[in-house]
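Subject: Structure for you to look at

Hello,

I am passing on the structure we spoke about. Please have a look at it; my notes follow below.

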Amino acid sequence: MSTTAANGTATNSKDLTTQNSAQEFTVWMQSKQARLELVLDQVLPAATLAPQKLHSAMRYSSLGGGKRVRALLCYAAAELYADEAKQTTGNIADVAACAVELIHAYSLVHDDMPCMDDDDLRRGKPSCHKQYDDATALLVGDALQSLAFALLAQPGLCTQAQTQLDMLNILALATGSTGMAGGQAIDLASVGKPLTQAELEIMHSLKTGALIQAAILLGNASSQSLTDDANQKTAALNTYAINIGLAFQVVDDILDVEADTSTLGKTAGKDLDSNKPTYVSILGLEPAKRHAQQLYTAAVAALSPFGDKAIRLQQLADFIMQRSF
Ligand code: GRG
């Protein structure tokens, strides 16, 4: 069936359904981003509190920027088990989403430092060490990481203490030497080296994938009930998480080549200039795009046990594939 819009454009009902669902996703995404911003604003120490410079730099590096993909994935995973009666679910998911974004902000601050990737621009503004100084940037990363764990460890967050311990464990493992920090170590050691695709995959599944995976598993843990199929569902979600985490990185590598600095809000072409192995440098541009598509397909296929409840995770997978920054 087709209708004619006020501007005379003919639109069929399938297009309208797609448009409505895209608009509805945008509303959901913006409301979660705003909610996260509010929670972050509340949990971050006031800039007027001593030591003022450190607190001001922590807020500078965490507030008012970023797509908040990890938080969105966390909220979307929590919504798989959404139940109006569960009043507490929202709070735990807020804390989990917030903790993950604080860890992410810390990683960006440290990654931009001269001893690592040495980048002057982040989220469209001077990176933390440029706006403040190296020592402050180092402390900002440390303090953001501590704050993330303090939030997740706060007494009484979860009714079941075991759930809270599981969540702390998920975040700690994803962040440390066998997760994000380990991936960063491999990344720094790989400059100028001809990595195989398998080696590149290991590096990125740790550096970028581990925190994305943790965001999803934390959202899941924040609201999942202990049903008979809980383990099976967590395994399916984990498959989604691993594949979408890698797809995110492949798209990042493609954007590094195809996008410009002002759109990205960070220096474009940085990987190439720093002689870093990427999916594009190892596979070539078109094969890298096909690889991203394969990872996306595997991620979305893993959502089938959740039916319509997985709509947000499906939409976020689309968003990750279509993002331009
Ligand atoms: C310093 C321990 C330590 C780790 C750093 C994850 C990481 C390791 C560094 C981040 C630097 C980077 C550019 C990684 C590539 C992919 C990536 C994580 C991009 C930034 O994430 P986005 O696009 O950023 O989600 P926004 O600003 O939207 O939050």
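The first thing to look at is helix α9, which has a kink of about 55° centred on Gly209. Please keep in mind that this is a predicted model.

Despite that kink at Gly209, the length of α9 agrees with expectation: at 1.5 Å a residue its 27 residues should span 39 Å, and its end C-alpha atoms are 36 Å apart.

Helix α9 (residues 197-223) packs against helix α8 (residues 180-189) at an angle of about 145°, the axes being 7 Å apart. The crossing of α8 past α9 is left-handed. On the α8 side the contact is made by Met180, Gly183, Gln184, Ile186 and Asp187, and on the α9 side by Met203, Leu206, Lys207, Ala210 and Leu211. Sorted by class, this contact has 6 nonpolar, 2 polar and 2 charged residues. As background, an α-helix has 3.6 residues a turn, so residues three or four places apart point the same way.

Next, the charged pairs. The count of salt bridges comes to 18. One of them joins the side chains of Arg68 and Glu37, at 3.1 Å from N to O. Arg68 sits in the loop between α2 (52-62) and α3 (69-78), while Glu37 belongs to helix α1 (residues 13-43), so the pair ties together parts 31 residues apart in sequence.

Two backbone points remain. Most residues other than glycine have a negative phi, and most peptide bonds are trans. The bond between Ala50 and Pro51 is cis, with omega about -5°, and Pro51 is in the loop between α1 and α2. Arg123 has a positive phi, near 50°; its place is in the loop between β3 (121-122) and β4 (125-126).

Regards

Key. Residues are numbered from 1 along each chain as its sequence is written. This is a predicted model: local features need pLDDT of at least 70, side-chain atom pairs count only at pLDDT 80 or more; totals for chains, interfaces and linings use all residues. Side-chain values use heavy atoms; hydrogens and water are left out. Axes are lines fitted to C-alpha atoms, for helices over the stretch in contact, and angles run from 0 to 180 degrees between N-to-C directions. Helices (H or I, at least four residues) and strands (E, at least two) are DSSP runs, numbered from the N terminus. A crossing is left-handed if the near helix is turned anticlockwise from the far one by less than a right angle, and right-handed if clockwise. Contact means heavy atoms within 4.5 Å. Ala, Val, Leu, Ile, Met, Phe, Trp, Tyr, Cys and Pro count as nonpolar, Asp, Glu, Lys and Arg as charged, and the others, Gly among them, as polar. The expected span of a helix is 1.5 Å times one less than its number of residues. The bend at a residue is the angle between axes fitted to the seven residues ending there and the seven starting there. A salt bridge is a side-chain nitrogen of Lys or Arg within 4 Å of a carboxyl oxygen of Asp or Glu.
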